[in-house]
Amino acid sequence: MTNSGSQELTEAERKRLERFERAKANRRGRKAPTVMPSRLARTSAFAPRKKGLITDSGFQRLYVVRPHTVVEVRGRELGSQHRDALYALFRMRAKRTEMAPQDGARPLPYYHTETTWRALLSATGRTAHVNNLGTMLRVFEELRSVSFRFYQGDFAQYEAATQSGRLAAAGYSDNLLGRIEWDGITLDSRVKVAYGEWVRDMFESRTLASIDGETYFKLRSDYAKAFWPFIDSQPDYTWVPVETLAELAGRDYKAETTRQRLKFREECRQAFEDMTNAGGLASWTCEETGSGRAKSYRYRYVHALPKQGSLALQTPGIEGSETT
């Protein structure tokens with residue numbers, strides 16, 4: 001394969017072209033989608049609850065969703081309200097700006113979202129009232145205070161490396177959010193939130209996922225909010241095992257008691273009903289697999305939207321490229 005200059009494509013260019021072609025084939029028609037790094041859509045870094053979160057600054061926990069992500073969170077535990085705020089930001093779309101260094105070096109791009117308090121509150125389902133501005137700002141500041149360490153490779157590689165006392169593969173440690181600015185305390189005051197370098201790199205490389213934000217913000221179940229981004233960002237998937245759902249909720253299904261498993265499957269049932277009622281899924285069923293001690297469950301589903309539509313990442317004067 002050659003480009004217009006009759007040169008062979010590099011491996012990185014070839015993979016990027018393949019990602020673009022997959023994106024075209026897997027697009028779905030969506031209203032105001034949440035365009036975000038795919039690794040964030042397929043991680044369990046947010047606990048499926050709003051209360052009882054661990055706020056100790058010494059908090060440190062590894063979240064694994066095999067084989068997609070290995071993420072370490074440090075600083076405090078994050079919950080549904082933090083995911084809601086982050087997804088609302090990504091729903092507003094990120095803008096790209098180049099900042100020229102003082103030493104005359106090559107301009108560095110950075111990404112940010114500019115919106116209003118009213119739009120943010122509306123996107124997260126909160127009442128558009130000035131009393132809620134402080135709560136929204138506090139949630140952003142808590143997100144900004146947490147350090148995320150993303151590892152490349154799968155969990156098996158991570159586990160083998162840590163057991164031998166080595167650093168596990170390549171990775172990235174960064175805050176998701178950077179500087180937060182607001183020009184007033186009225187509902188229509190402008191708010192500007194900058195993203196960290198890891199998010200910038202994901203936007204630059206277009207390793208993004210599109211999430212149906214309209215469906216997400218209709219969900220009432222915290223478990224449904226944990227499952228929906230994973231399900232909606234995997235256009236070729238038609239079922240998901242209960243073990244993966246548990247990982248998305250930050251749990252280890254195989255290590256739990258029979259009573260805990262029964263309770264969790266009931267939470268899954270309610271979550272899938274919630275995703276159906278919100279218009280995300282057309283239907284779903286639960287299937288038993290295996291027998292005896294090897295017995296497990298898988299949740300088969302039919303997405304409510306066909307693979308079509310287009311997405312855009314906003315840049316100054318330019319419609320962005322596709323997401324995957």
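User: How many salt bridges does the count come to here?

Analyst: Side chains of opposite charge can pair when their charged atoms come close. A salt bridge here is a side-chain nitrogen of Lys or Arg within 4 Å of a carboxyl oxygen of Asp or Glu. By this rule the count comes to 18 salt bridges. This is a predicted model: local features need pLDDT of at least 70, side-chain atom pairs count only at pLDDT 80 or more, and totals for chains, interfaces and linings use all residues. Residues are numbered from 1 along each chain as its sequence is written, and side-chain values use heavy atoms, with hydrogens and water left out.

User: Which residue forms a salt bridge with Lys 50?

Analyst: Asp 222 does, with the closest N and O atoms 2.8 Å apart. Lys 50 lies in the loop between helix H2 (38-41) and E2, and Asp 222 in helix H9 (residues 222-232), so the pair ties together parts 172 residues apart in sequence. Helices (H or I, at least four residues) and strands (E, at least two) are DSSP runs, numbered from the N terminus.

User: Is Asp 222 buried or exposed?

Analyst: Buried means under 20% relative accessible area, exposed over 50%, partly exposed in between (1.4 Å probe, protein chains only). Asp 222 is buried at 16%. Lys 50 is partly exposed at 41%.

User: Which residues line the second largest pocket nearest its centre?

Analyst: A pocket is an open set of points on a 1 Å grid over the protein atoms alone, where a 1.4 Å probe fits, with protein on both sides within 12 Å along at least five of seven lines; lining residues have an atom within 4 Å of a point. In this pocket, Val 64, Arg 66, Glu 247, Arg 251 and Asp 252 lie nearest the centre, out of 14 lining residues. Strand E2 (60-65) gives the largest share of the lining, 4 residues.

User: What links Glu 247 and Arg 66?

Analyst: A salt bridge, with the closest N and O atoms 2.1 Å apart. Glu 247 sits in helix H10 and Arg 66 in the loop between E2 and strand E3 (69-74), 181 residues apart. Glu 247 is buried at 10% relative accessible area. Arg 66 is partly exposed at 44%.

User: What about Glu 142 and Arg 76?

Analyst: Their side chains meet in a salt bridge (3.3 Å, N to O). Glu 142 counts as buried at 15% relative accessibility, and Arg 76 counts as buried at 8%.

User: Which residues are linked in a network of salt bridges?

Analyst: Glu 72, Arg 74 and Arg 149 are.
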